[in-house]
Amino acid sequence: METKRVLKIGALVVVSLMLISSLAGYLYVRSMLYKEPIYDNIPPELPAEFGRDNRPAILVFSKTNGFRHEFAIPAGQKMLEKLAASRGWAVFSTENAAVFTPEALGRVDVVVSNNGSGDNTTEDQEAALRSFVEDGGGFVGIHGAGGDYTFEWQFYVDYLIGAQFIGHIMNPQFQEATVIVEDATHPATRHLKESWNHTEEWYSFESSPRSRGVNVLLSVDEDSYEQTGMMPWSDLSMGDHPVTWNHCVGAGRVFYTALGHEAPTYELPEFTGLVGGAIAWAAGLDGEGCEAAISAP
């Protein structure tokens, strides 16, 4: 009887420690994700020749009122500057959301969200960005750009990203898994093998964006990694698990990839080619448009 009692107490202690650890982790992540939004009202000054010298103009936005990817953002910035230099693009980077005005966006070909997160924009700024895309502008979102648990601007999650993030693996957080190329004809994926192994903080979504009519470019093989989230009992499997896709919103070309948490990813030829091809496609420089656009109300 004494042995059984000790075992029961031991089991209770273990369960209690697991719960405390999970709660502590949850509170820490919540403190990182949920911040009082800071809105911008004075727009940055664009370089005089930006968007006026016949070079494709790429606006890179990396503001984070949500979780900040401290290492991925500068790595992404460096990658994007290299891509722009090698491909003859003009690039302007900012964390000031007041850049989203009809006047400024009128000089832009593609907006790239380099791990931007959180509630960053006012209603006027949202309206300007929405009009920019629907009227033919390009949008490319990288990793954290689609990694918020909730979005204040529903158009952004429903029509720009096209999927609601619900969590990422934590057991462990970074795992090697098999990435499968589903569309090898797109400018973003032409350079890739049929599949390759990649180490990532794998995102999961509420449902597969495939059901919304997006064109899935890359998916991850769920059998190639453990799909446990922050809580030991959480299962992040989706069945159908896209991690990169493209679609159109109105006349605008939109691309999103969930890859890109770790800084070294931004030096991999698979990833740099993916993003470079995505921007070229979004700018209308390469590849075809969409057979059918997702219509927003």
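## Cavities

The model holds two cavities of 30 Å³ or more. A cavity here is a set of points, on a 1 Å grid over the protein atoms alone, where a 1.4 Å probe fits but cannot get out; lining residues have an atom within 4 Å of a point. A volume is the space filled by probe spheres set on the points, with grid points joined across faces, edges and corners. This is a predicted model, in which local features need pLDDT of at least 70 and side-chain atom pairs count only at pLDDT 80 or more, while totals for chains, interfaces and linings use all residues. Residues are numbered from 1 along each chain as its sequence is written, and side-chain values use heavy atoms, with hydrogens and water left out.

The largest cavity has about 50 Å³ of space. Its lining includes Leu-192, Trp-196, His-198, Glu-270 and Phe-271. E7 and H6 are the elements that give two or more residues to this lining, and H6 gives the most, with three. Helices (H or I, at least four residues) and strands (E, at least two) are DSSP runs, numbered from the N terminus.

The second largest cavity has about 30 Å³ of space. It is lined by Ile-58, Val-60, Leu-80, Ala-84, Trp-89, Val-91 and Ile-279. E1 and H2 each supply at least two residues of this lining.

## The sheet

An open sheet of nine strands runs in the order E2-E1-E3-E4-E11-E10-E9-E6-E7, with mixed pairing. Two strands pair if DSSP finds at least two bridges between them. The edge strands, E2 (90-94) and E7 (195-200), each pair on one side only.

E1 (residues 57-61) pairs with E2 in the parallel sense over five bridges. Within this pair, Leu-59 has Phe-92 of E2 as its bridge partner. Helix H2 (residues 72-87) packs on the sheet and touches E1, E2 and E3 (110-114); the direction of H2 makes about 150° with that of E3. Such angles run from 0 to 180 degrees between N-to-C directions, and axes are lines fitted to C-alpha atoms, for helices over the stretch in contact.

## Glu-262

Glu-262 sits in the loop between strand E11 (252-257) and helix H6 (269-282). Why does Glu-262 count as partly exposed? Because its relative accessibility is 27%; buried means under 20% relative accessible area, exposed over 50%, and partly exposed in between (1.4 Å probe, protein chains only).

Leaving aside neighbours within four places in sequence, Glu-262 is in contact (heavy atoms within 4.5 Å) with Phe-174 and Thr-199.

Definitions and conventions:
1 Å grid on protein atoms, 1.4 Å probe; cavity = no way out; pocket = protein on both sides within 12 Å on 5 of 7 lines; lining within 4 Å.
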